[in-house]
Amino acid sequence: MRFICAFIMLFFFSVSTVGESRIKTVTMWTYYDLSPFFNENTQRGLVDDIAQLLTRHSKGHYHFVVEYLPRKRVDMKLKSSQLGMVTLVNPHWFPNTLVASEPLLTGYDVIVSPIAKPVQSLVAKTPSQRSFIGVTGHQYPMIRSELKSGQVTRIDTSSVPNLLNLIAKKRGDFSIVPGLVAHHYQSHSDFAHALHFEPVTAERYTRRMLYNKLHVKLKQDVNKILQQPEVIEQWNTILEQYNLSELAIN
């Protein structure tokens, strides 16, 4: 009798263990450590919200977790076999060897410059050289040709807050930041009064998930979740909480 009971207990333990092992942990990488994307101190932001949304609707198959990494580390992760994705980015900022999800959010860029000497276009109106301040590792395809020709010189810094501070102090002529970030800093920054924000609304793009080609199955599963009407509605509600409803795809 003891043998039978032990066998039954072992059977149910094995079934439970197998069930638990089927839950795959997926890391959602972001190189944005600032609002509204992700605040590493509070562990909150759009990336964390979408991670929770996907976990709830994956029917127990996946558990999505957020990890902040510098851009170069994200690039290394995407080349590895680790199950993960980079979240809410423009595919044009990455190699075309990666695969992209369905669009999640409309994106746009903002030119930031000193308020005393505003830059209102990426196309220089004078032949004089301009200095650009960027974040180390970040790609800026919209000024790639100007950087290559030497018309624009690039200075790198470690973060967007540092970048904005340098522009406010007139250490550079201009920079380019995501519209979502500019929107936040225009209302939450002590030095916003020293900055001119010029939206590049004519060149909008879409923000998506990006995957290594090894994880096409993950991409397919995530796309199925994101296409569910209930999930679309909940995602739009999240965007509304960040005052980003105008950038919703659906």
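These are my notebook entries on a predicted model.

**Ground rules.** I number residues from 1 along each chain as its sequence is written, and side-chain values use heavy atoms, with hydrogens and water left out. The model is predicted, so I take local features only at pLDDT of at least 70 and side-chain atom pairs only at pLDDT 80 or more, while totals for chains, interfaces and linings use all residues.

**Confidence.** I looked up pLDDT (the predictor's confidence in each residue, from 0 to 100). The protein chain averages 86, and 88% of the residues score at least 70. Over residues 2–20 the pLDDT is below 50.

**Strand β5.** I took helices (H or I, at least four residues) and strands (E, at least two) as DSSP runs, numbered from the N terminus. I use buried for under 20% relative accessible area, exposed for over 50% and partly exposed in between (1.4 Å probe, protein chains only). β5 pairs with β9 (residues 195–211) in the antiparallel sense over 9 bridges. Val112 stands opposite Phe197 in β9. β5 also runs antiparallel to β8, joined by 4 bridges. Asp109 has Pro178 of β8 as its bridge partner.

**Cavity.** I searched on a 1 Å grid over the protein atoms alone; a cavity is a set of points where a 1.4 Å probe fits but cannot get out, and lining residues have an atom within 4 Å of a point. Grid points are joined across faces, edges and corners, and a volume is the space filled by probe spheres set on the points. I found 1 cavity of 30 Å³ or more. The largest cavity holds about 150 Å³. Its lining has 15 residues, with Tyr32, His138, Gln139, Tyr140 and Pro178 nearest the centre. α5 (160–168) and β8 (175–178) are the elements that give two or more residues to this lining. β8 gives the most, with 3 residues.

Which strand holds Thr87? I place Thr87 in β3 (residues 84–89). Thr87 counts as buried because its relative accessibility is 0%. Beyond four places in sequence, its contacts are Met28, Trp29, Val47, Ile50, Arg208 and Met209. Helix α2 (residues 46–56) is mostly covered, with 8 of its 11 residues buried. Val47 and Ile50 are among those buried residues of α2.

How values were computed. 1 Å grid on protein atoms, 1.4 Å probe; cavity = no way out; pocket = protein on both sides within 12 Å on 5 of 7 lines; lining within 4 Å. Contact = heavy atoms within 4.5 Å. Pairing = 2+ DSSP bridges.
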